[in-house]
Amino acid sequence: MKKNTEKTNVMRLLEQKKIPYTSHDYTDTGVISGTEVAAVLNQNPEQVFKTLVTAGSSGANYVFLVPVQKELDLKKAARAAGEKSIRMVKSKDLLPLTGYVHGGCSPIGMKKPFRTILDASAASLDTILFSGGRIGHQVEIPYSELKKILRYELEDIVDAPG
């Protein structure tokens, strides 16, 4: 994996806010799933988060960040957002809505800010990784720095182990 990579908008935004980050490039690996990404980057999958864009029954959009090895519990997500129900946004609707494609969607730098809910497990981590805004790129930042660039709420939003 290359350490020096072409900067994404997410990286530029982090630098503007003087937030330290580590860029992880896995473009040459061909991996797609979040758990594969964690493995190829030699990272704990509990620290690697996927960005999920949803729509509530009210029509409002929400962003949820969950560890890659977990699934978003739609009932918990709806409760956290104050919605009757939540559904995933279709892949084809991601780009016009967020400015990102499926697999490269970052909670930072979307076309407009959406209410963002982060799984509560993140609060116990020193660093978290999430998409750098392009397929094949992840950024790792100290959890303590996240509030400087992203407005979010912490909630228990993942499926209980079954």
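Me: Which residue in β7 stands opposite Ser 131?

Reply: Gln 138 does. This is a predicted model, where local features need pLDDT of at least 70, side-chain atom pairs count only at pLDDT 80 or more, and totals for chains, interfaces and linings use all residues. Residues are numbered from 1 along each chain as its sequence is written, and side-chain values use heavy atoms, leaving out hydrogens and water.

Me: Why are β6 and β7 said to pair?

Reply: Strands are DSSP runs of E, at least two residues long; helices are runs of H or I, at least four; both are numbered from the N terminus. Two strands pair if DSSP finds at least two bridges between them.

Me: Why is Asn 61 called buried?

Reply: Buried means under 20% relative accessible area, exposed over 50%, partly exposed in between, with a 1.4 Å probe and protein chains only. Asn 61 has 19%, so it is buried. This residue is found in strand β3. Leaving aside neighbours within four places in sequence, its contacts include Thr 54, Val 89 and Phe 114.

Me: In the five-strand sheet, what makes β4 and β8 edge strands?

Reply: The order is β4-β2-β3-β5-β8, with mixed pairing. β4 and β8 each have a single partner strand, so one side of each is left without a neighbour in the sheet. For β8, the partner is β5: they pair in the parallel sense over three bridges. Ile 117 has Glu 153 in β8 as its bridge partner.

Me: How do you know what counts as a nonpolar core?

Reply: It is a set of buried Ala, Val, Leu, Ile, Met, Phe, Trp, Tyr and Cys residues, joined through side-chain atoms within 4.5 Å. The largest such core has 28 residues. Leu 14, Leu 118, Ile 128 and Leu 146 have the most contacts inside it. Apart from it lies another core of 13 residues, among them Leu 52 and Ile 117.

Me: What makes a space a pocket and not a cavity?

Reply: A 1 Å grid is laid over the protein atoms alone. In a cavity, a 1.4 Å probe fits but cannot get out. A pocket is an open set, with protein on both sides within 12 Å along at least five of seven lines. The largest pocket holds about 640 Å³. That volume is the space filled by probe spheres set on the points, which are joined across faces, edges and corners. Lining residues have an atom within 4 Å of a point. The largest pocket has 30 of them, and Ile 32, Lys 50, Thr 51, His 102 and Gly 103 are the closest to its centre. β2 gives the largest share of the lining, five residues.

Key
Contact = heavy atoms within 4.5 Å.
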